[in-house]
Structure formats: structure tokens, C-alpha cells
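Please keep the sequence and the structure in view while reading.

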Amino acid sequence: MLLKRSPDLKYSDITPRQVYLDRRKFLYGMGLAGGVALAGKSVANLAFPSTRAYAATSLPGLVKGPFSTDEKVTPEQTVATYNNYYEFGTDKGDPAKNAQKFVTSPWSVSVEGEVAKPRMFTMEEILKLAPLEERIYRHRCVEAWSIVVPWVGYSFSTLVKLVEPNSNARYVAFESYFDKKQMPLWGRAGIQLPYVEGLRLDEAMHPLALLCVGMYGETLPNQDGAPVRIVIPWKYGFKSIKSLVKIKFVKDQPPTTWNITNAHEYGFYSNVNPSVDHPRWSQAREVRLPGYFKNTPTKMYNGYGDQVASLYNGMDLKKNY
């Protein structure tokens, strides 16, 4: 296989790789005290499917990124087959099975709104904006499970500086790709589509906020948000929007998908906070996949408090959940 170094890499050069493995089911969470539920389902009924949807190639020349945790990395098989991506199905194994034919090349991301230099970025341009870093981040889902992933990308602020937000820009709104033909299960998602998310501008500019193009040294699998996504490691996972196609700088707080769907359960900020329970389960402890038990204490800001706590000085974090 021909590998090109990152300065010569075009997204159109990426060679799809389909991987089929023998199906293995992991009985999940048997015997958990209190009958812990994730996403409304008993964890004893969850399983890790084995079919992956890959469009992967190696990303050479990676540099070690800042802020990486030294915690044990979650097996790639788990991360690639246990996903929330409702456009491809609502069960955790659905996206890996149903996203295999998702077309991610060519791809572009529109940047618009309150900026001096609106523009369209192709994937080739995104790959060349900055050296690609491998950052090992904790990733916490509101459903009380967590993973540790070696994401690949660079600080989102790199892109922001190129478009020069003006004084009216206080928030950043994000939008995912949506195509009913490519996402035939969209009608079962139970959420408004296309998927939208948002951050305050200072949150988006924080160096931890990652414009992500890969994981485990390769480009992103379809079900994990190919070809480009956002990763916000101090917030619950649904804030880390997948398959990004539009970025808009705005004056007012933008709508976000889960806040639209159920504002009582999903606030705009969605910072990881063990002292603020989800209305249907505790957030004090989590299941570290591929483990079975909810025995890992949840850390405030997912353990990134030293870096991001100052962003929320003076805020009531129970009211601004």
C-alpha cells in the first residue's frame, strides 16, 4: 500500500478498508447493583457488535499533542463498534453496521457568520492547516460510560484565527451532514436533523477543543464522525459533533439538538459534573468501556478542571448545566 506523507496527502487518496470480524457479544454489566441503566436500557442487555465501517488510512508524521492523559487507552474495537450516531440507528451497534457506505469524499466545511473572512475549507485544506497531533483524551457520555481515545487533529482555534471573528461573534454554531438517502434510518432517530451543536467562543478557542480528523493513528471511521468532527473532552459526548459541514459564528446562543429535544435533561453547557445527576440516573460514577461495572468515579470537567474551570468562574453550574 502506498503511504503519502501529510504535506502530500489528499483526502481523495484515502483508500477504504472494510473489516469483517467474527461476531463477538459481550454480556454487559451483569449483576450491577441497582440495575444501572444506560440510555434507558439495562446494561446487561447491551453488546459490542464486531462489524466496523472503515474508511481508514494511516496518518503519518503525527506529533505528540499536549494535555494527553496517561490512562489506559480503550481498545479500538470497542470505540469503533459502540457509538451514538442516531442518523445510522439508535442502538450502539447500528452505526458500525449502517454507515459502511457513507460517502465522505469529496468533503468541505463552510465557515460563515460574524467573521471577516468567510470561506469553504476542503478536507485537503483542513489536513494541512496545522501539524496533526495525537491527543489521548478521556471522553465521557451522558449515559454514564466513558472511553480513552487517541484522537488525531489540532486545536480548533487554528481554523478560527484564519476566518477572523468580529466583535459580534460570541458563540460558534456547528452543523452535521445530513442526507436522507445515505442515512435511511434518520426517521427513527427521534431528534431534529441535521444535528446541531454550539459553544461559547471562548470555549471553542480553548486549546483543548479539538478539530479532529482521525483516531488511533488513522482517519476516522464513518461511525465515529468521518471525515472531520469536533472533540470537547471536558463536556459530555453529545457536544462533540460528528461529520461537520458548517461552522457559523453568531451573536446569540445557538440552538443545540439535545437541548431542543429535551431541555430538562440536556443543557447548553453540558460540562461533565458528577454532582449534577441526569434526571434518570446518577452521574457520580461511570462504566469505563470495555469494562462491565459502573465503578469509575466521574471527575469534574472529566478531569480537565485545571485547564477549563476558569471559563466558568461565577457561574451556577447546576443552573447552567
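The model is predicted. The protein chain has 7 helices and 15 strands, and 54% of its 321 residues count as buried.

**The chain as a whole**

- The protein chain exposes about 13,900 Å², and carbon and sulfur atoms supply 52% of that area.
- Among contacts between residues at least 6 apart in sequence, 74% join residues at least 24 apart.

**An open sheet**

- An open sheet is formed by 5 strands, which follow the order E5-E4-E13-E8-E9 with mixed pairing.
- Strand E5 (119–122) and strand E9 (196–200) stand at the edges; each has a single partner strand, so one side of each is left without a neighbour in the sheet.
- From one strand to the next, the twist averages 20°.
- Within this order, strand E4 (residues 108–113) and strand E13 (residues 244–250) pair in the parallel sense over 4 bridges.
- Serine 110 has lysine 246, in E13, as its bridge partner.

**The nonpolar core**

- The largest nonpolar core holds 78 residues, of which Phe156, Trp234, Ile247 and Phe249 touch the most other members.
- Strand E7 (residues 145–155) contributes the largest share of this core, namely 6 residues.

**Salt bridges**

- Side chains of opposite charge can pair when their charged atoms come close.
- How many salt bridges does a search of the whole structure find? The search finds 14.
- In one of them, the side chains of glutamate 71 and arginine 138 meet at 2.7 Å, N to O.
- Glutamate 71 lies in the loop between strand E3 (63–64) and helix H1 (76–81), whereas arginine 138 lies in strand E6 (residues 133–140), so the pair ties together parts that are 67 residues apart in sequence.
- Buried means under 20% relative accessible area. Arginine 138, at 10% relative accessibility, therefore counts as buried, while glutamate 71, at 22%, counts as partly exposed.
- Another salt bridge joins the side chains of arginine 119 and glutamate 125 at 3.5 Å, N to O.
- Arginine 119 counts as partly exposed at 32% relative accessibility, and glutamate 125 is partly exposed with a relative accessible area of 30%.
- The side chains of glutamate 265 and arginine 280 also meet in a salt bridge, at 2.8 Å, N to O.
- Glutamate 265 and arginine 280 both lie in the loop between helix H6 (257–261) and strand E14 (285–288), so the pair ties together parts that are 15 residues apart in sequence.
- Is glutamate 265 buried or exposed? Glutamate 265 is buried, because its relative accessible area is 14%, whereas arginine 280 is partly exposed, with a value of 48%.
- Salt bridges that share partners join Glu71, Arg138, Arg140, Glu286, Arg288 and Lys299 into one network.

How values were computed:
Residues numbered from 1 in each chain as written. Predicted model: local features only at pLDDT ≥ 70, side-chain atom pairs only at ≥ 80, totals over all residues. Heavy atoms only, no water. Pairing = 2+ DSSP bridges. Helix = DSSP H or I, 4+ residues; strand = E, 2+ residues; numbered from the N terminus. Axes fitted to C-alpha atoms, helices over the stretch in contact; angles between N-to-C directions. Core = buried A, V, L, I, M, F, W, Y, C linked by side-chain atoms within 4.5 Å. Buried < 20%, exposed > 50% of the residue type's maximum accessible area, 1.4 Å probe, protein only. Salt bridge = Lys/Arg side-chain N within 4 Å of Asp/Glu carboxyl O. Contact = heavy atoms within 4.5 Å. Areas by Shrake-Rupley, 256 points an atom, 1.4 Å probe, with all protein chains shown as cover.
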